[in-house]
Amino acid sequence: MKRIMIVSTLLAATPAFAQTAGPALDLPLSIDLARAAVDACAARGAAVSASVVDDKGNPLVVLRAPASPKPPVAAPRKAATAVQFDAPGSAMEPREKDDPAFAALIKAEPDRLNPHGGSLPLHMGGRLVGGLAVADTSHETADACAREALARFAGQVN
């Protein structure tokens with residue numbers, strides 16, 4: 001046990017480890033967030049897909065209701081965009097229309113970014129840890145479902 005403690009102490013003292021240490025999304029919470037978003041939309045009569053990504057925008061979870069009208073492509077992109085810009089899609093969507101420089105950033109990565117309503121950045125302890133997004137319904141419904149799902153876990157992530 002002492003050997004493990006010493007290694008842990010040494011790792012914690014290194015600058016690279018210190019920068020990455022801190023709260024992080026785990027898989028069970030990610031699954032629960034995505035499921036809560038799908039369930040929130042189902043209660044509204046919308047069959048959707050939902051995704052949770054990590055702090056680098058990489059998908060952790062992608063869920064799709066069987067009746068969702070599309071493959072689950074938009075949700076991971078929307079969640080990655082929320083992480084990249086640390087902003088909800090409901091704020092980025094109008095920005096894409098009004099800010100040519102922002103629109104150019106989005107257009108440069110169409111296979112990775114989607115700044116539409118229904119995505120939210122996720123924070124723990126004041127640190128950006130990932131993103132949640134809902135797709136395959138109206139942007140307003142997707143946004144409401146994502147916000148409802150996030151509210152269910154307010155003590156763990158915001």
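Me: Helices (H or I, at least four residues) and strands (E, at least two) are DSSP runs, numbered from the N terminus. Which helix holds Leu-27?

Reply: Leu-27 is found in helix 3, residues 27-43. This is a predicted model, in which local features need pLDDT of at least 70 and side-chain atom pairs count only at pLDDT 80 or more, while totals for chains, interfaces and linings use all residues. Residues are numbered from 1 along each chain as its sequence is written, and side-chain values use heavy atoms, with hydrogens and water left out.

Me: What makes Leu-27 partly exposed?

Reply: Buried means under 20% relative accessible area, exposed over 50%, and partly exposed in between (1.4 Å probe, protein chains only). The relative accessible area of Leu-27 is 47%, so this residue is partly exposed.

Me: How do you know that Cys-41 and Cys-145 form a disulfide?

Reply: The term requires a pair of cysteine sulfur atoms within 2.5 Å. The S to S distance between Cys-41 and Cys-145 is 2.1 Å, and a disulfide joins them. By this rule the count is one disulfide. Cys-41 lies in helix 3 and Cys-145 in helix 7 (residues 139-151), so the pair ties together parts 104 residues apart in sequence.

Me: Why is this disulfide called right-handed?

Reply: The torsion about the S-S bond of Cys-41 and Cys-145 is about 120°, so the disulfide is right-handed.

Me: Are the two cysteines, Cys-41 and Cys-145, buried or exposed?

Reply: Cys-41 has 0% relative accessibility and therefore counts as buried. Cys-145 is likewise buried, because its relative accessible area is 0%.
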